[in-house]
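Here are a few notes to read with the model open beside you. Take them in order and find each spot on screen as you go.

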Amino acid sequence: MVVLPDIRQRGGGLGIDAESRLEEGQGLARAIGIEVVDAFILPVRNVRPATLFGEGQVERMAIACNQSDAELVIVDGALSAIQQRNLEEKLKRKVIDRTGLILEIFGERAATAEGRLQVELAHLDYQAGRLVRSWTHLERQRGGFGFLGGPGETQIEADRRLIRGRMARLRRELEQVRRTRGLHRERRQRAPWPVIALVGYTNAGKSTLFNRLTGADVMTEDLLFATLDPTMRAIRLPGVEKAILSDTVGFISDLPTQLVAAFRATLEEVTAADVIVHVRDVANPASADQKAKVEQILADLGVIGEGGAKVPIIEAWNKWDLLSPEERAVRSDLVAAKLTQVPVVPISALTGEGIDRLLEKLGELLTGGAQVVELTIPLSDGQRLAWLHAHGEILEEHEISGEDRPAMRIRVRLSQRELGRFTALNA
């Protein structure tokens with residue numbers, strides 16, 4: 001059973017539409033194979049420290065559990081350890097919150113060694129405050145890595161020390177991962193090929209677009225967090241011989257802070273990108289709220305500052321094929337009138353509609369500000385000649401014979417970025 005607390009204290013409430021948020025909570029549950037038998041919203045005007053909900057609401061939850069034979073209660077919000085334990089005692093069922101559920105999904109989906117390290121660190125960070133005597137004098141911990149628990153020791157302090165020690169080891173290993181990723185980024189910059197990062201709300205269609213552009217077979221399903229581990233492939237763009245496309249983990253509202261910290265090494269790939277493609281599900285009624293959540297996470301990563309985005313961003317309005325003709329017309333008018341803050345390309349990653357225009361736009365962004373330069377390169381310097389042919393547009397070239405050695409006179413068009421890299425390579 002999924003219960004969404006709509007906390008209205010201090011004039012607040014859910015930033016995203018309540019019904020859409022409830023549907024998202026059910027989607028999270030289904031993403032890990034849980035059958036949802038009931039789901040409803042409970043307005044919370046006064047947060048109860050003991051249970052979050054009022055007594056009448058807790059009673060209603062208990063009745064609903066009995067009527068639907070629910071074995072697990074998912075509270076689509078944040079619960080403290082005490083609130084979680086008290087709700088379990090009153091409902092006589094396992095209770096998990098949104099953070100616990102997302103951690104479960106990430107734990108099941110992590111495919112690489114790095115992903116498993118990150119998920120385990122986030123799990124341990126979450127569990128450190130939940131070593132409680134929940135059910136009997138033996139069952140001191142909330143179920144290992146999941147919510148289906150078992151008995152354990154009573155030495156809570158010893159367990160906490162073990163957890164802290166394990167977390168310290170994981171952080172050291174992840175620091176090594178971060179250094180390795182940094183070395184990989186440096187190698188790509190020396191190569192140097194531009195990097196394009198796909199970001200967006202979970203289930204917006206990033207992996208479908210990634211497969212469409214690269215011909216890869218990254219897992220794509222109508223599930224939240226279908227893709228967890230980042231993937232990179234080479235693609236060709238108009239005016240760009242080779243670029244690296246990176247598919248990143250999907251964002252979500254109220255992403256657990258433990259995951260943001262643990263996955264920072266992965267998310268840093270976004271900060272090193274030359275262009276960011278923000279994939280939006282425009283067929284979703286909560287598309288505007290989802291955009292705000294994604295931009296908030298990008299701001300937390302330092303990609304968006306007070307002066308605006310530090311990296312060029314283009315919005316791919318995905319699932320265009322699911323809109324009615326009237327909705328298409330309204331949104332097309334917005335794009336034509338340039339009322340959007342960033343460049344926008346309507347696409348359908350599923351049917352391929354608008355993909356060519358997206359590739360053209362990416363090519364324009366990466367080659368924008370290109371200038372023509374004349375260079376004299378010795379014929380013996382094959383490496384630099386090959387680099388210019390691979391990364392620039394050769395307009396004219398002819399061999400010249402000097403007093404010392406033969407050379408090639410080249411007129412080449414290079415983008416500002418590539419010209420800077422060529423200068424750095426030959427410094």
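1. A definition to start with: rings of Phe, Tyr and Trp (for Trp, its six-membered ring) count as a pair if their centres lie within 6.5 Å. Planes under 30 degrees apart are called stacked, those over 60 edge-to-face, and the rest tilted. Keep in mind that what you're looking at is a predicted model.

2. With that rule, how many aromatic pairs does the structure hold? There is one aromatic pair, and its members are W387 and F422. A pair like this is described by the distance of the centres and the angle of the planes. Here the centres are 5.5 Å apart and the planes make an angle of 40°, so the pair goes down as tilted.

3. W387 belongs to helix α13 (residues 382-391) and F422 to helix α14 (residues 416-425). They are 35 residues apart, so the pair links distant parts of the chain. Are the two buried or exposed? W387 is buried, because its relative accessibility of 9% is under the 20% cut-off. F422, at 7%, counts as buried too.

4. Next, have a look at the sheet. Six strands make it up, in the order β6-β7-β5-β8-β11-β12; it is open, and the pairing is mixed. At the edges you'll find β6 (231-237) and β12 (344-346); each has a single partner strand, so one side of each has no neighbour in the sheet. From one strand to the next, the twist averages 25°.

5. Zoom in on β8 (residues 275-281). On one side, β8 runs parallel to β5, and five bridges join the two; V199 stands opposite H278 in β8. β8 also pairs in the parallel sense with β11 (residues 313-318), this time over six bridges. Within that pairing, V279 has A316 as its bridge partner, while D281 has N318.

6. Stay with β8 and follow its side chains. V275, V277, V279 and D281 point one way, I276, H278 and R280 point the other way, and all are buried. That is seven of the seven residues, so β8 is largely enclosed by the rest of the structure.

Terms used: Residues numbered from 1 in each chain as written. Predicted model: local features only at pLDDT ≥ 70, side-chain atom pairs only at ≥ 80, totals over all residues. Heavy atoms only, no water. Pairing = 2+ DSSP bridges. Helix = DSSP H or I, 4+ residues; strand = E, 2+ residues; numbered from the N terminus. Axes fitted to C-alpha atoms, helices over the stretch in contact; angles between N-to-C directions. Buried < 20%, exposed > 50% of the residue type's maximum accessible area, 1.4 Å probe, protein only.
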